[in-house]
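The entries are in the order I made them.

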Amino acid sequence: MTLLAFGINHTTAPLALRERVAFAPENLQGAMQEACAHAGLTEVAILSTCNRTEIYAASESDATAIQQWLVDHTAIEAADLANSYYCYQDHEAVRHMMKVAGGLDSLVLGEPQILGQMKSAFAVAKEAGTLGAELHATFQQVFNIAKRVRTETAIGENPVSVAYAAVSLAQQIFSNLKQDTALLIGAGETIELVARHLAEQGIKHIIVANRTLDRAQRLAREFNGEAILLADIPEQLHRADIVISSTASQLPLLGKGAVESALKKRKHKPMFMLDIAVPRDIEEQVGELDDVYLYTVDDLHAVIDENKKSRVAAADQAEEIINEGVELFLRHQRALSAVETVKAYRNKAEQMRDLELQKALRSLQTGVNPEQVLQQFARNLTNKLIHSPTAVLKEASASSRHHVIQVAQELFELSVNPAADISSDASEQ
């Protein structure tokens, strides 16, 4: 059985191609069951995110069957997939899965969401009935290593996205966001991410200001906030402890006068202001005001660049943990390969035991002395157990296969004196 990790991601395929290979959550179970039926896969799980689609499978064949099934199942062309996919086998597949789960293969190094997405893929495969013993054990090992990466390194501690860095910077000014109100100016992707991070930190209230009220209302509704128009900002600004702005405006939206008025209403309670926009939404002179902490996108980039360096250092530590995890996986696989041999050896020994035990019991029934019966039973069983190994060792010695003798010494925990062997051989001759 071969373990496979087959996929495309943000480094191998553009968004237009990844879109065609993405699986909607409601279609995942059916897709995995179809893959087992038509691609000859014994076990399968599918991870599908905005940055990657990966198929983890246990199969008797190679990646060709998965490649053909994916072409048949999706709207992708065979040539496009051939130029974009990667496929890892066995321990390299496990290594790749560990890197993905640990955030080492993400667009944003160390991002934490991917581990939850992999756990979801595992759960869906289990529910679909396409998760067997091999993939189950593999996922458990992957999750254990990913947990170690998270807890034993600093790979996820420092923000490396503008939105996350913005919220982290706000927390340096206001340690407890649960008592604060945030005014978010704009309703684009960055502001949406900022809102999400603020909500995760338990922000008390979010106000979204946008040029069009409809878009502001949609975003505010998601976070139980309120929506206002850009024109309403001067009247509402005093309510905001945190102001984060990111619009496409070519002119500043907030001037020094409006902020001064807001500060008076706030009785000079401090305000944190972050201008992510280029060109800037907040006049530079606002930073001259007391009780205002004004930062720009350049301030964030300095934080992000420094944090990227720390994550790269943490990634080196994570690689060491992953190497340990792969070695544990290989040891487990090698141990499994001995299971059938151990079973056969045990069965053979038990058959010998049962046969000699029956002989001993018959002797006891005929009145033979019990002590004599036990001694004979022990001799017979010992002779039968050592007969085959002894014959193999003698043949190995005669044919100079010394490694067999060394393995036997290790296997039976024998401490052998070479000089004694020579003397014994001489006396036998």
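**Ground rules.** I am working from a predicted model, in which local features need pLDDT of at least 70, side-chain atom pairs count only at pLDDT 80 or more, and totals for chains, interfaces and linings use all residues. Residues are numbered from 1 along each chain as its sequence is written, and side-chain values use heavy atoms, with hydrogens and water left out.

**Confidence.** I looked up pLDDT, the predictor's confidence in each residue from 0 to 100. The chain mean is 90, and 96% of the residues reach 70 or more. Over residues 422–429 the pLDDT is below 50, and this stretch has zero contacts in the model beyond near neighbours in sequence. A contact here means heavy atoms within 4.5 Å.

**Largest pocket.** I noted about 890 Å³ of space in the largest pocket. Of its 27 lining residues, Val108, Glu111, Gln113, Ser161 and Leu193 are the closest to the centre. A pocket is an open set of points on a 1 Å grid over the protein atoms alone, where a 1.4 Å probe fits, with protein on both sides within 12 Å along at least five of seven lines; lining residues have an atom within 4 Å of a point. The volume is the space filled by probe spheres set on the points, which are joined across faces, edges and corners.

Which helix gives the largest share of the lining? I found that α9 does, with six residues. Helices α6 (113–128), α8 (162–173) and α9 (189–200) each supply at least two. Helices are DSSP runs (H or I, at least four residues), numbered from the N terminus. I sorted the lining into 11 nonpolar, 10 polar and six charged residues; Asp, Glu, Lys and Arg count as charged, Ala, Val, Leu, Ile, Met, Phe, Trp, Tyr, Cys and Pro as nonpolar, and the others, Gly among them, as polar.

**Helix α14.** I checked residues 339–365: 27 residues reach 39 Å from first C-alpha to last, close to the 39 Å expected. The expected span is 1.5 Å times one less than the number of residues. Met352, Glu356 and Ala360 are buried (under 20% relative accessible area; exposed is over 50%, partly exposed in between, with a 1.4 Å probe and protein chains only). The buried residues of α14 pack against α15 (370–398). Glycine 367 follows α14 and has a positive phi, near 95°.

**Proline 370.** I located this proline in α15. Proline 370 is exposed, at 51% relative accessible area.
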